[in-house]
Amino acid sequence: MRIFLSGPMGAGKSTTALRLAQALGLPALDLDAQIEVRGGATVAAIFRDRGEAAFRELEREVLGQILARSDDFVLALGGGTVVDRASRARLLEDGLVVTLQASLDELYRRVGAGTERPLLARGPDVATRLGELLHQRAAAYAECHLFWDTEQEEALLPVIVACLVSPPILVPLGERSYRVRVGAGLLASMEPPADASGVLVVSDDNVHGLWAAEVVRRLDDAGRRVVQVVLPAGEAHKTLAQVEAIWQQALDARLDRDAFVWAIGGGVVTDMAAFAASTLMRGVRVGLAPTSLLAMVDAAVGGKTGFDMRQGKNLVGTFWQPTEVVADLRTLSTLPVLERQSGLAEVVKSAWLDSEQVVVALERDADALAAGDLAALESAVRRSVALKARIVSEDEREAGSRALLNLGHTLGHGFEAAAGLGALGHGQAVALGMLAACRVERALGEGERDTEHRLAHLLQRLGLPTNWEERLDAHVLSFLDVDKKRRGGRTRFILPGSPGHARVHPIEASALGQALRSPGGA
Ligand SMILES: NC(=O)c1ccc[n+]([C@@H]2O[C@H](COP(=O)([O-])OP(=O)(O)OC[C@H]3O[C@@H](n4cnc5c(N)ncnc54)[C@H](O)[C@@H]3O)[C@@H](O)[C@H]2O)c1
Ligand SMILES: [Zn+2]
């Protein structure tokens with residue numbers, strides 16, 4: 001894999017690139033040096049004589065040539081390379097982007113008078129100008145796979161090697177960016193931020209004994225201030241009363257604004273703990289360790305938090321992005337089969353939203369996934385998280401494309417609610433909802449019968465129900481989750497299309513009922 005070193009001037013990109021490349025046996029490249037060769041002048045001279053715009057254009061061109069190479073390498077980028085959105089996206093796609101950091105004082109010490117640094121020469125004084133640049137570029141620097149503080153003693157190499165073996169998935173949201181780590185055994189090395197004044201570990205009474213207690217013990221042994229909150233398990237307890245219990249225990253323990261909330265559990269725990277964190281003292285940091293497949297592929301990524309009200313699910317909530325997500329696949333070993341199957345329905349949903357290629361991969365792995373094979377689950381989790389990261393970074397607040405993630409959910413919520421609490425799992429209901437959505441699409445004269453059969457077959461192989469027609473009654477239709485997705489009087493229904501081609505289709509609830517009742521044929 002390719003490694004790109006980013007960060008401000010003085011962070012040590014060139015020297016670190018040389019050291020890393022040597023240790024990894026790869027060539028070390030330096031973007032500025034190559035620009036100087038190509039431009040026939042020093043970077044400073046190009047800036048002075050041709051201006052910044054011309055420099056950036058040259059930079060993009062040289063970067064393009066380097067990325068077109070066929071080998072792997074370590075590349076020291078320029079301080080401003082990642083500010084360009086398109087270049088940043090290409091780099092993130094093409095390799096591991098590491099942002100090197102140092103304190104402002106240290107950077108200042110390293111760049112000295114800054115005479116050779118064109119962007120510093122302009123400012124009122126070097127330190128002020130450096131601070132301004134850091135501030136302007138903070139969002140671009142935050143979109144990386146790894147931060148590295150160059151003032152710390154620890155060696156970068158083992159951390160890089162670990163990242164290459166199991167690359168974190170970036171959710172790129174400017175300064176709210178975070179990384180999702182996926183792998184077996186990660187809970188054992190999970191570390192809250194070093195500057196957290198205390199850690200509130202939230203789990204439920206199923207997950208606590210199995211997985212969370214061990215984390216609490218380890219943090220305790222390490223001398224961290226830990227408070228544990230154990231909630232009653234299940235959707236029935238996704239209530240304001242439980243959120244209040246989290247708030248209460250945090251306040252009783254006198255946690256302050258620098259505290260860190262660690263949610264360890266399924267989607268109910270991660271949604272509620274993140275909501276509590278988003279409101280506690282107007283917002284404290286939260287990290288999520290999803291332990292159900294559904295929470296790994298869906299609930300823990302994207303920043304939606306909340307709890308249920310009598311009138312419906314998730315009716316009160318916030319957008320509050322976590323600072324990190326750790327999906328330890330080992331925890332899936334204790335997850336009940338029905339819960340695994342429920343999560344697999346969301347995996348199918350995300351594959352369907354993604355592309356033909358990803359659906360084919362899922363069809364190839366279906367038997368292994370149904371059996372709980374860890375390697376197959378890891379690929380499925382990674383692909384689903386990557387898709388959700390992409391969608392969320394395009395539309396964090398669900399103004400548009402994020403609505404696609406509701407595929408199968410409008411009708412699914414109807415099946416789930418009509419069956420009664422706990423009688424039909426969420427994913428099982430979504431499986432039915434996706435198939436029913438295929439029928440709606442055909443009633444509109446658009447879908448293909450083969451597509452519907454293909455989806456049904458895949459869901460069946462994963463142990464999911466497909467018999468939605470026998471469950472459809474007036475009761476189901478009365479529960480359709482049309483309110484929350486309603487805009488301008490119509491529900492934003494998701495038509496599945498073929499893989500990679502789902503789309504939003506505004507429709508009246510009555511027309512939806514009619515379409516579902518239209519004869520489908522075998
Ligand atoms: N925020 C979002 O974007 C988003 C997206 C999708 C779903 N959700 C929410 O997620 C919730 C559903 O998530 P869920 O299915 O994880 O529900 P859940 O948290 O209730 O977990 C399901 C069951 O599995 C148990 N469990 C979890 N991990 C376990 C493990 N490793 N071993 C043994 N038992 C384990 C739980 O105790 C619970 O009984 C819903 O409330 C839904 O609204 C949120
Ligand atoms: Zn769902």
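Me: What follows α18, and what is its phi like?

Reply: Gly445 follows α18, and its phi is positive, near 80 degrees. Helices here are DSSP runs of H or I with at least four residues, strands are runs of E with at least two, and both are numbered from the N terminus.

Me: Before I go on, where do the model and the numbering come from?

Reply: This is a predicted model, where local features need pLDDT of at least 70 and side-chain atom pairs count only at pLDDT 80 or more, while totals for chains, interfaces and linings use all residues. Residues are numbered from 1 along each chain as its sequence is written, chains are lettered from A and ligands numbered from 1 in the order in which they are written, and side-chain values use heavy atoms, with hydrogens and water left out.

Me: Back to α18, then. How many residues does α18 have, and how far does it reach?

Reply: α18 has 18 residues and reaches 25 Å from its first C-alpha to its last. That is close to the 26 Å expected at 1.5 Å a residue, where the expected span is 1.5 Å times one less than the number of residues.

Me: And how many of the α18 residues are buried?

Reply: 17 of the 18 are, so α18 is largely enclosed by the rest of the structure. Buried means under 20% relative accessible area, exposed means over 50%, and partly exposed is in between, using a 1.4 Å probe and protein chains only.

Me: On to the metal. Which residues are the protein donors of the zinc ion?

Reply: The protein donors of the zinc ion (ligand 2) are Glu346 through OE, and His409 and His426 through NE2, lying 1.9 to 2.1 Å from it. Donors are N, O and S atoms within 2.8 Å of the metal (3.2 Å for Na, K and Ca), and water is not among the atoms, so sites may look incomplete.

Me: What spacing do those donors follow along the chain?

Reply: They follow E-x62-H-x16-H. Glu346 lies in helix α14 (residues 337-354) and His426 in helix α18 (residues 426-443), so the pair ties together parts that are 80 residues apart in sequence.

Me: Are Glu346 and His426 buried or exposed?

Reply: Both Glu346 and His426 are buried.

Me: Now ligand 1. How many residues surround it, and which are the closest?

Reply: There are 25 residues around ligand 1, and the closest are Asp204, Glu235, Gly267, Ser292 and Thr334. A residue is near a molecule if one of its heavy atoms lies within 4 Å of it.

Me: How much of ligand 1 does the protein bury?

Reply: Taken alone, ligand 1 exposes 860 Å², and the protein buries 90% of that.

Me: Which elements give two or more residues to the shell?

Reply: Those are α10 (207-221), α12 (267-279) and α13 (293-299).

Me: And the shell by class?

Reply: The shell around ligand 1 has 9 nonpolar, 8 polar and 8 charged residues. Ala, Val, Leu, Ile, Met, Phe, Trp, Tyr, Cys and Pro count as nonpolar, Asp, Glu, Lys and Arg as charged, and the others, Gly among them, as polar.

Me: New topic: where is Arg254, and what is its phi?

Reply: Arg254 lies in the loop between α11 (240-252) and β10 (260-265). Its phi is near 55 degrees, a positive value in a residue other than glycine, and at 71% relative accessibility Arg254 counts as exposed.

Me: What about Arg282?

Reply: Phi of Arg282 is near 65 degrees, which is positive in a residue other than glycine. Arg282 is found in the loop between α12 and β11 (285-290), and it is exposed, with a relative accessible area of 76%.

Me: Last one: where does Glu356 lie, and how far is it from Ser498?

Reply: Glu356 lies in helix α15 (residues 356-370) and counts as partly exposed at 39% relative accessibility.

How values were computed. Accessible areas come from the Shrake-Rupley method with a 1.4 Å probe; for residues, only the protein chains shown count as cover.
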